[in-house]
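Biologist: I would like to learn how to read a protein model feature by feature. Could you take me through this one?

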Amino acid sequence: MRLMAELAHSRVTIREVADEAGVSIATVSRVVNGRGDVAPETRELVSRIIQERGYIANRSARGLSAGRTGLVGVLVPLVFPVYFSAILSGASEALYEHDLRVVLSPTGHEHDREVTLLERLMHGLTDGALIVLPEESSEELERLLDAGYNFVVVDPRLRLNDRIPSVSAAHMSGADQAMRHLLGLGHRRIAAITGPTGWVATEDRRRGYHAALAAAGILPEPALEIESDFEIAGGAEAAAQLLDLADPPTAIFAFNDNLAIGAIQAARARGVRVPDDLSVVGFDDSEHATIVSPALTTVRQPLAEMGRTAVSLLTRLLDRQRFETLHIELGTRLVVRESTAPAPR
């Protein structure tokens with residue numbers, strides 16, 4: 001007991017070891033965990049500092065005294081879509097740097113499954129959790145807070161109470177950038193293929209769409225705004241309806257890249273050339289944006305950084321640190337590629 005108290009008192013951290021060695025936290029963690037992807041001279045230096053400073057013993061003592069598991073749950077609807085995997089990649093790397101491990105829990109967009117997984121994670125299995133696009137209501141999530149469980153929501157699906165920590169992207173700003181780009185190219189009949197009504201991303205992007213039209217003196221037309229499901233097939237179906245109008249749009253602002261890709265497919269099926277006859281803008285800047293032809297003009301969300309930022313917020317909550325805000329909104333920016341051009345005469 002005396003030895004543990006002395007070790008805990010020294011409080012050597014992985015960051016201090018990294019700073020002294022002049023390397024990243026991730027490199028120190030790789031050395032500690034016996035990973036092979038470290039240069040021999042770097043491994044020797046870090047190992048010597050760890051031995052001199054007693055980092056491993058100190059870490060164990062702190063973990064025991066704090067009652068921590070060293071595990072963090074990550075609840076994500078699906079693993080394989082690019083959108084979710086990018087967030088997961090950033091979060092898992094940041095957790096690794098904090099010497100924490102991931103308990104990955106796909107929810108399948110199922111409310112009851114998410115509730116069950118959270119109940120298991122919060123009862124001693126994990127120290128906290130990241131919840132990506134949660135199915136649970138704000139009231140349900142608040143009950144987790146009341147029970148003393150620490151978590152951070154990444155990309156809220158619905159509006160959340162101010163008590164709930166969250167990380168999101170600047171949806172309205174991104175929509176404004178997309179619309180200003182199309183308006184600057186001379187487009188006036190700009191359609192929108194939206195996501196599901198009520199989702200934070202949908203409503204914020206819709207506000208940006210309408211605000212940009214209003215600023216340009218253009219009245220919105222209900223026929224030019226179609227709700228969809230953020231999937232490629234849904235985008236193709238919505239775009240087909242738009243292109244079959246008596247007076248079709250010259251541009252489509254799709255509320256994610258999947259919808260934009262579907263719109264390009266529908267245009268190609270009708271012999272409509274993109275971008276000569278129709279300009280298309282997406283939202284996300286997933287890797288698919290550069291694979292599709294023509295390469296997609298889109299709004300970039302910092303997906304990996306959202307995951308990393310959520311981890312930073314969660315670790316501060318676990319350490320009971322005080323901070324100014326529980327809600328972090330990361331900037332978005334337009335990436336212009338080949339799917340947009342001046343409006344046809």
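Biologist: What should I know about the model before I start?

Modeller: This is a predicted model, in which local features need pLDDT of at least 70 and side-chain atom pairs count only at pLDDT 80 or more, while totals for chains, interfaces and linings use all residues. Residues are numbered from 1 along each chain as its sequence is written, and side-chain values use heavy atoms, with hydrogens and water left out.

Biologist: How many helices and strands are there in the protein?

Modeller: There are 14 helices and 12 strands; these are DSSP runs numbered from the N terminus, with helices (H or I) of at least four residues and strands (E) of at least two. The C-alpha trace spans about 85 × 45 × 30 Å along its principal axes. Of the 345 residues, 52% are buried. Buried means under 20% relative accessible area, exposed over 50%, and partly exposed in between, using a 1.4 Å probe and protein chains only.

Biologist: How do I read a pocket?

Modeller: Rolling a probe the size of a water molecule over the atoms shows where empty space is left. On a 1 Å grid over the protein atoms alone, a pocket is an open set of points where a 1.4 Å probe fits, with protein on both sides within 12 Å along at least five of seven lines; lining residues have an atom within 4 Å of a point. A volume is the space filled by probe spheres set on the points, which are joined across faces, edges and corners. Here, the second largest pocket holds about 520 Å³ of space.

Biologist: Which residues lie nearest the centre of the second largest pocket?

Modeller: They are Tyr-83, Phe-84, Phe-230, Asn-256 and Asn-258, out of 26 lining residues. H6, helix H10 (200–215) and helix H12 (257–269) each give two or more residues to this lining.

Biologist: What does Arg-270 pair with?

Modeller: Its partner is Asp-244, with the closest N and O atoms 3.0 Å apart. Arg-270 lies in the loop between H12 and E9 and Asp-244 in the loop between H11 and E8, so this pair ties together parts 26 residues apart in sequence. Asp-244 is exposed at 53%, whereas Arg-270 is partly exposed at 39%.

Biologist: Where are the cis peptide bonds you mentioned as backbone details?

Modeller: One runs from Val-274 to Pro-275, with omega near 10°, and another from Ser-293 to Pro-294, with omega near 0°. Pro-275 is in the loop between H12 and strand E9 (279–284), while Pro-294 is in the loop between helix H13 (288–291) and strand E10 (297–300).

Definitions and conventions:
A salt bridge is a side-chain nitrogen of Lys or Arg within 4 Å of a carboxyl oxygen of Asp or Glu.
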